[in-house]
Amino acid sequence: MKLLEIEHLKKSFGGIEVLSDLSMSVSEGEVVAVLGPSGSGKSTMLRCASLLETMDAGALRFAGSTVAEDVDGRSVYVGKKEQRELKSIFGLVFQNFNLFPHYTVLKNIIDAPVHVQKRDKEEVVQEARALLKKVGLEDKEDAYPCQLSGGQQQRVAIARALAMRPRMLFFDEPTSALDPEITAGILRILRQLAEEKMTMIIVTHEIDFARKVADRVVFMDGGVVVEQGRPEDVIDHPQNERTKMFLQKMEV
Amino acid sequence: MITISGFRAEEMRSEMRQKRLHGKGLYRVVLFLLVLSVVTGIITVCGRKDRSVQAADGEDRTTFTLGFDAEFPPYGYKDDDGEYVGFDLDLAAEVCKRNGWEFVKQPVDWDSKDMELNSGAIDCIWNGFTINGREKEYTWSTAYIDNSQVVIVGAGSDIKKLSDLSGKVVVVQADSSALAAFTGEDASEENKKLCGEFEDLQQVSDYNSAFMNLEAGSVDAICMDIGVANYQIKKRGDAFRMLEERVSSEQYGIGFKLGNTELRDKVQESLNEMLADGTFEEIAKKWELTDCICLGQEGTDAAYLQDAGSKKDEPFVKKFADIVGRLSGGMLASLMIFVFTLLFSMPLGLLVCMVRMSKSAVLRWIAKIYISIMRGTPLMLQLLVVFFGPYYVFGMSVSARFRFYAVIIGFSLNYAAYFAEIYRSGIEGIAVGQYEAASVLGYTRVQTFWKIIFPQMVKRVIPPVTNEVITLVKDTSLAFALAYTEMFTMAKQVAAAEASIMPLFIAGLFYYIFNFVVAMVMEAIEKKMQYYR
């Protein structure tokens with residue numbers, strides 16, 4: 001089953017076209033890494049998919065349900081209320097974590113499940129503690145974000161996204177604000193999630209990271225998908241010239 | 001490893017921060033005590049200075065500076081052309097001409113006249129200045145005008161004689177002869193009794209506001225000098241009427257600094273000459289005061305002949321405690337303005353801020369214009385508009401009780417504009433990522449604001465809000481514009497009555513202590529918010 005479908009997505013900012021005609025889909029249980037140089041539009045694609053930006057043209061579907069349709073070259077979205085319901089299918093982990101600084105770690109994780117999804121507080125707290133253990137922060141539930149390192153904050157952000165019980169997780173450059181040795185810890189958590197068959201779309205520019213965690217690599221450049229396939233094919237035997245150039249630059 | 005040591009470092013930093021804060025608190029207490037002792041020292045010196053008023057009037061005097069209340073026609077006031085004119089000013093100009101002095105007209109705030117005189121900023125008070133009751137406060141010329149206190153009411157009023165004033169609101173000018181006639185030490189028993197029967201005896205700073213109050217219906221009668229009353233009734237038409245019965249009779253003289261007989265004698269000599277050659281009567285005729293003049297007549301030189309004796313001395317501590325006691329009502333009034341203004345303006349500011357940031361361009365512009373007007377015009381003017389607006393715009397009569405409400409409404413509307421802009425800057429400083437995280441987690445707009453944005457905004461705006469709150473403490477004194485007797489107005493009145501500047505220093509001390517407490521409370525709140533960054 002396709003959890004995410006994007007068709008003929010177009011997006012411009014102030015007359016400059018960032019995404020010219022992008023289509024991609026992600027099946028349930030798949031882990032997709034989106035690679036590409038900066039300015040290739042990979043983050044914009046993810047922001048459109050997570051409804052932080054509205055598409056100029058194109059269609060968007062979550063698990064077969066329409067979020068936006070293309071009508072005469074313009075995207076037409078469903079109502080705000082429906083959007084909020086459809087949103088619960090995904091979670092997003094930001095590059096800058098975006099934890100709420102005035103809430104403790106535990107409160108960051110449980111607040112939305114309790115007040116947005118209206119779930120039982122006791123149950124959510126139990127689940128949050130299990131998630132904290134999973135990301136290795138079981139002793140930090142009363143800490144405030146400013147007392148945590150970057151890697152710890154990113155792990156809390158992952159736990160916060162998982163607490164909403166999403167069917168897929170988006171990651172926007174999850175390691176680019178972190179030191180290399182901390183990246184390994186995040187990678188371990190992502191691999192564990194992959195083993196549990198969590199559907200994930202990871203926007204990154206770290207080739208190694210993509211190779212180690214992804215089932216499929218999508219290479220973007222100039223607002224379109226240039227090449228995609230298994231990591232060992234795209235990364236080790238690229239067919240497209242632009243892919244080759246990018247990979248060569250990254251190796252230096 | 002790295003994360004653990006990072007956490008340790010953070011702990012140490014916060015510990016150091018706390019130590020620094022502790023040190024700062026101690027430093028502030030020391031500073032406070034220092035300022036306190038300096039202020040007390042100044043007050044002590046001022047208290048002593050009160051009695052050493054020995055003037056040295058030099059032989060080579062070239063100017064003569066006359067202090068007067070510029071709103072006291074026909075004795076001294078500003079005419080339609082913006083010139084200071086009046087009977088007293090014409091007399092003084094003639095005196096200066098005869099002595100070869102340059103004549104300087106110096107309008108003074110009536111409550112500060114003694115400070116002006118004692119400091120030498122003015123040479124005399126010459127402005128329909130009543131001798132009766134002030135005999136020992138100044139060195140006097142002989143009396144030159146006989147005046148009486150009369151009562152003015154609206155033409156349609158049912159007040160016919162003095163006894164009808166019982167149960168009514170009467171207004172007088174602050175520190176005027178009319179006030180002294182009712183509450184002064186030398187007030188007659190009948191007047192004291194009558195005054196006790198008033199619903200309220202209010203004080204305003206000038207006759208213009210007294211007449212505005214009478215027109216608006218917030219007072220029932222004005223008590224003032226007969227000369228002024230005749231002039232005002234003539235000028236304002238037949239909307240007002242004078243009671244035939246008089247409150248008191250009194251005489252006007254020229255007041256010099258206690259002990260300055262040298263200057264007084266020169267002025268008196270010239271006046272006597274003017275009386276002899278008819279100039280005095282000529283000037284009186286010009287101002288239609290011939291009925292009142294009494295210069296050179298019998299019974300006008302009692303104050304003139306008295307010995308320039310020294311004033312009675314009171315122990316400093318007793319005087320200090322006495323003045324604090326007399327000012328306590330004003331302190332409470334200031335505190336009330338402060339508390340109620342904060343209570344209303346802070347939430348109102350949030351509302352204005354939300355309108356200012358709304359999606360509708362029309363609403364945004366309305367809020368923008370509101371803020372622009374509130375910040376662009378004086379608070380004092382806004383207070384007058386709030387108080388007199390209902391009468392002048394809608395013809396509603398305003399009650400005396402409305403005075404306090406008008407002060408609170410005016411202050412709250414004004415401060416809300418400032419708070420709105422402070423809140424807006426606080427909200428705009430919050431990273432867009434906070435809104436995005438909330439959006440992805442499915443929070444509604446209302447939830448996002450109250451759970452995520454508002455608490456972070458509060459932390460950000462504490463320093464600018466502290467500034468605004470401290471300004472408010474001092475701004476409470478502006479309530480005098482509506483004759484609402486708060487701390488500072490009262491201090492000025494007591495200072496004028498006591499001829500001492502000690503009440504003003506006590507007022508300053510009050511504001512300082514008040515603000516010191518405010519700053520401590522705000523610092524405590526700020527400290528409490530430091531659990532996150």
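Which residues of α17(B) are buried? I will come to that in a moment; please keep in mind that this is a predicted model.

Chain B contains 18 helices and 13 strands. Its length is 533 residues, and 36% of them count as buried. If we take contacts in chain B between residues at least 6 apart in sequence, 80% join residues at least 24 apart.

Chain B is divided into three parts by the domain assignment: domain 1 covers 63-144 + 253-305, domain 2 covers 146-250, and domain 3 covers 329-493. Between the C-alpha centres of domain 1 and domain 3 of chain B there are 47 Å.

Now back to the helix. α17 of chain B runs over residues 487-498, which is twelve residues. From first C-alpha to last, α17(B) reaches 16 Å, close to the 16 Å expected at 1.5 Å a residue. The helix is mostly covered, with nine of its twelve residues buried. Those buried are Met487(B), Phe488(B), Thr489(B), Met490(B), Ala491(B), Lys492(B), Gln493(B), Val494(B) and Ala495(B). What do they pack against? The partners are two helices of chain B, α11 (316-356) and α18 (502-528). After α17(B) comes Ala499(B), and its phi is positive, near 50°.

For contrast, take Glu83(B). This residue sits in the loop between β3 (76-78) and β4 (84-85) of chain B. Is Glu83(B) buried or exposed? Glu83(B) counts as exposed because there are 10 C-beta neighbours inside 10 Å, and the cut-off for exposed is 12 or fewer. As for distance, Glu83(B) and Ile131(B) are 48 residues apart along the chain, and their C-alpha atoms are separated by 27 Å.

Last, the contact between the two chains. How many residues does each chain bring to the contact? Chain A gives 22 residues and chain B gives 20. On the side of chain A that touches chain B, α2 (80-87), α3 (105-115) and α5 (150-163) of chain A each supply at least two residues. By type, that side of chain A divides into ten nonpolar, ten polar and two charged residues.

To go back to the opening question: the buried stretch of α17(B) includes Met487(B) and Ala495(B), and its packing is against α11 and α18 of chain B. That is where I will stop.

Terms used:
Residues are numbered from 1 along each chain as its sequence is written. Chains are lettered from A and ligands numbered from 1 in the order in which they are written. This is a predicted model: local features need pLDDT of at least 70, side-chain atom pairs count only at pLDDT 80 or more; totals for chains, interfaces and linings use all residues. Helices (H or I, at least four residues) and strands (E, at least two) are DSSP runs, numbered from the N terminus. The expected span of a helix is 1.5 Å times one less than its number of residues. A residue is buried if 20 or more other C-beta atoms lie within 10 Å of its own, exposed if 12 or fewer, and partly exposed in between; C-beta atoms are placed from the backbone. Two residues are in contact if their C-beta atoms, placed from the backbone, lie within 7 Å. Domain bounds come from an automatic or database domain assignment. Ala, Val, Leu, Ile, Met, Phe, Trp, Tyr, Cys and Pro count as nonpolar, Asp, Glu, Lys and Arg as charged, and the others, Gly among them, as polar.
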